[in-house]
Amino acid sequence: MAEETGSGSNKDGLRNTFSVAVFLCLVCSIVVSGLAVLLKPMQLLNKELDQKKNILRAAGLLAADSDIGSGGRTVEEMFADFTVRAVDLDTGEYTDAVNVDAYDPIRAASDSAVSTDLSAEEDIATLGRRENVSLVFIKTNDTGIDKVVIPVRGFGLWGTLYGYLALESDLSTIAGLGFYQHKETPGLGGEVDNPKWKQGWQGVQLYDDVGQPAVDLVKLRSPANSNAARFEVDALSGATFTTRGVKNLVNFWAGDLGFRPFIEKLKTQQMQASVGEHR
Ligand SMILES: Cc1cc2nc3c(=O)[nH]c(=O)nc-3n(C[C@H](O)[C@H](O)[C@H](O)COP(=O)(O)O)c2cc1C
């Protein structure tokens with residue numbers, strides 16, 4: 001085989017190899033960054049759709065294994081029944097301080113300008129900080145509020161569990177709880193995703209008779225007709241830490257530092273509306 005000796009025409013020379021490598025790197029990086037930019041809006045849309053599904057699932061309006069609701073309604077159609085509002089967690093009032101379409105309460109919690117540091121005693125869900133403004137998802141029907149869904153999160157054993165808690169129209173009875181992200185062990189803490197366990201949340205009372213969060217996760221259930229049984233959900237077996245985390249996060253977000261001021265206000269409004277109707 002003839003060997004090329006001239007430095008200008010040597011295709012296997014160091015300079016040529018280096019130029020080809022640089023050119024290929026350049027082309028590849030342009031393709032990858034171009035695709036990332038092009039696909040970003042699609043990723044955001046998918047993320048948004050996923051959150052809508054999680055909210056609908058927590059509210060019991062969409063089965064875990066389906067993307068279509070009763071009557072063949074799509075996720076978008078069903079979610080259109082919900083109003084998304086921003087709530088000032090300290091006052092319980094709606095606020096226009098943020099744009100609900102772009103606002104991320106979890107991100108806000110890491111910004112000291114728009115979140116509150118929690119003391120060890122307050123921080124039962126191990127959050128560190130709590131955002132000052134969060135979002136609520138409200139479904140209404142002809143008679144008023146049908147469902148209210150609130151975002152919840154808190155530490156389990158291996159990390160933070162993120163989910164949604166849905167309330168029935170009385171704003172005290174739980175309609176459902178679902179987590180869309182967590183790091184708990186499959187088969188142990190990961191049983192938070194077990195549909196059978198999740199079903200056990202339906203109908204449980206979030207608040208006791210004086211309006212305090214009272215959910216309890218227990219290994220041994222109280223007699224069915226007892227008062228305590230109204231607040232009880234089965235503990236996850238072999239997952240004491242996750243169980244405690246779930247109980248704490250639900251009660252935190254239902255409490256004074258969470259959505260309680262807002263829920264109390266809604267209850268008062270409901271009461272006033274019903275008194276007005278009966279006059
Ligand atoms: C590999 C491994 C993974 C575990 N994952 C979890 C978990 O996700 N959640 C949890 O509460 N406990 C988990 N545990 C168990 C805890 O260490 C602890 O034993 C358990 O919470 C005790 O629960 P019990 O009192 O119901 O048996 C795990 C243990 C091991 C060895």
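Residues are numbered from 1 along each chain as its sequence is written, and side-chain values use heavy atoms, with hydrogens and water left out. Because the model is predicted, local features need pLDDT of at least 70 and side-chain atom pairs count only at pLDDT 80 or more, whereas totals for chains, interfaces and linings use all residues.

The protein chain contains 6 helices and 9 strands, where helices (H or I, at least four residues) and strands (E, at least two) are DSSP runs numbered from the N terminus. Its radius of gyration is 26 Å, well over the 19 Å that the globule rule gives for 279 residues, so the chain is more spread out than a compact globule; the radius is taken over C-alpha atoms, and the rule is 2.2 Å times the number of residues to the power 0.38. Along the principal axes, the C-alpha atoms fill a box of roughly 100 × 45 × 45 Å. Of contacts (heavy atoms within 4.5 Å) between residues at least 6 apart in sequence, 55% join residues at least 24 apart.

Buried residues account for 38% of the 279 residues, with buried meaning under 20% relative accessible area, exposed over 50% and partly exposed in between (1.4 Å probe, protein chains only).

The structure holds 9 aromatic pairs, defined for rings of Phe, Tyr and Trp (its six-membered ring) with centres within 6.5 Å, planes under 30 degrees apart being stacked, over 60 edge-to-face and the rest tilted. In one of them, the ring centres of Phe137 and Tyr164 lie 5.9 Å apart with the planes at 85°, so the pair is edge-to-face. Since Phe137 belongs to strand β4 (residues 133–141) and Tyr164 to strand β6 (residues 160–167), this pair ties together parts that are 27 residues apart in sequence. Both Phe137 and Tyr164 are buried. By contrast, the pair of Trp253 and Phe259 is tilted, at 6.0 Å centre to centre and 45° between the planes, and both of these residues are buried as well. Phe137 and Tyr164 also belong to one aromatic cluster, together with Phe79, Phe82, Tyr162 and Tyr180.

Val250, in helix α5 (residues 240–254), is buried with a relative accessible area of 0%. Not counting residues up to four places away in sequence, Val250 touches Leu165, Leu177, Trp201, Leu206 and Val215. The C-alpha atoms of Val250 and Ile124 are separated by 9.9 Å, although the two residues are 126 apart along the chain.

Most residues other than glycine have a negative phi. Thr126, in the loop between β2 (115–117) and β3 (129–131), has a positive phi near 55° and is partly exposed at 49% relative accessibility. Leu171, in the loop between β6 and β7 (174–181), likewise has a positive phi, near 60°, but is buried at 0% relative accessibility.
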